[in-house]
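Notebook open, structure loaded. I want to look up the sheet and the ligand site.

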Amino acid sequence: SITGKLNDAFSSINRGRLNEANIREGMKQVRQALLEADVNYDVARDFMKRVTEQAVGDKVLKSLRPSEQIVGIVYQELVLLLGGDPRESEFSPRPTSAELGVKRDGLTVIMMCGLQGSGKTTTCGKLARALKQEKLETVLVAADLQRPAAIEQLKTLGGQLDVEVYAEDPASSSPVQVCRNGVKHARKSGAQVVILDTAGRLHVDDDLMRELRQIDNKCAPDSAIYVADAMTGQDAVNSAIAFNDALELDGVILTKTDGDTRGGAALSIRAVTGVPLKFIGTGETLDGLEAFHPTRMAQRILGGGDMGTLLEKAQREFDGEELEDAQRKMAEGKFDLNDFRKQMGMIGKLGSMRSIMKMIPGMGQMADLDPNVDMEKELRHVGGIIDAMTPDERRNPDQIDRSRRNRIARGAGSDPADVNKLLKDFKGMAGAMQGISQKGSMRDRMKAVQ
Ligand code: GDP
Ligand code: MG
């Protein structure tokens, strides 16, 4: 695995004192590890250039713990490469309609494309399931007329989910026609989303691209999603380029990340095409779909062994700085919902919510009170509400009036009463926190928990 290879490279850096020469030597091994993990050559070269420049800098060599610093640099660059922000704490793994670009009003047309066997049909089912959980009505369109079993496969999934599947007799129809009629049908029936399950081919060819461009022209999808099989490594990257040239992709879903993949495809697709990864497939069943989080993926790539431990330390250092920042703001009474949201992500990462709650006066009881309360779920709910606010509203929640409150609730798929409760709780909490932060260091409390 890419993790194992990076581990080996780093354990050699870890031994003995670090100097520019052995850092460069270690970096060569990291580069080798990336190439063996199927990372695109140009991507690996640029990546290593950025990492090495920082790693041999004075800041690292003169620091107290250079190897931690190096892991921190590799981590940050990995997150950037995956299209993320290293400072952002990832939150819910739940795939959401917002991420898929589903519009608030009217019908959203989503076109799936990709090679045969990449997981398009399965992913259509997974998406329909996720949308259904948000109470969005979806129609699936069986536009793969290449393989006789394809229509049945989609119908079976639709049956399991109780989601409508639009299909026509393949003998007297064409993929473009099915798609056009399917979209019309979905519009008439008042559905919010229609997903076109198109046909793939074994390889990228003109026939396939012509077919997809026709569908693209006639149905004007809001979103063209490329489904890539993570197991196919470089091939997935090369076909991503071809599909992007033909269709201007809006997103990528990487399937089969549960398998023994070399991980390079995920790292390269985004860097090579610039198209964001939206979701990852994590299993054959319909619940095997997760939101793609660059920070989570980078942690997964680096996790395990020495790397994992080093990364944890580096992260803790980083979190410590953030905590101090938060603590200062609390003491000054400037801690707002933006800061709160950031802290929530961190707390999730640090582990058991319950043990942290116990440290906060007044909240300890809540943690003990009802063991059936799913803390993580509660947190996700609250996080969703805060996410639905504008940054300005988070800074200054007093301006949230009834209509804003209703809008936020709708955006979060929540209830106006819940928004109210959150705002009230937050006011109380900010006051309590001001109290704690004057009594003792929040950072020491956090450390005690770990
Ligand atoms: P299509 O030809 O692109 O429509 O691909 P299918 O949806 O028919 O999937 C091809 C195979 O990949 C099926 O056996 C699926 O069960 C499997 N598959 C799809 N997504 C995943 C995934 O995320 N993980 C695993 N393990 N298998 C998957
Ligand atoms: Mg299919």
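In which sense do strand β1 and strand β5 pair, and over how many bridges? I looked it up: β1 (residues 108-113) and β5 (residues 223-229) pair in the parallel sense over four bridges. Strands here are DSSP E runs of at least two residues and helices are H or I runs of at least four, numbered from the N terminus; two strands pair if DSSP finds at least two bridges between them. Met112 stands opposite Ile225 in β5.

A note on provenance: this is a predicted model, where local features need pLDDT of at least 70, side-chain atom pairs count only at pLDDT 80 or more, and totals for chains, interfaces and linings use all residues. Residues are numbered from 1 along each chain as its sequence is written, and chains are lettered from A and ligands numbered from 1 in the order in which they are written.

Next, I traced the whole sheet. It is open, with eight strands in the order β3-β2-β4-β1-β5-β6-β7-β8 and mixed pairing. The edges are β3 (164-166) and β8 (289-291), each pairing on one side only.

Then I checked the ligand. I found 18 residues around ligand 1 (C-beta atom, placed from the backbone, within 6 Å of it). The closest are Gly119, Lys120, Thr121, Thr122 and Gly281. Helix α6 (residues 120-133) gives the largest share of this shell, three residues.

Last, I looked at helices on the sheet. α6 lies across β1, β2, β4, β5, β6, β7 and β8, with contact meaning C-beta atoms, placed from the backbone, within 7 Å. Helix α8 (residues 175-188) lies across β1, β2, β3 and β4.

Notes: Contact = placed C-beta atoms within 7 Å. Axes fitted to C-alpha atoms, helices over the stretch in contact; angles between N-to-C directions.
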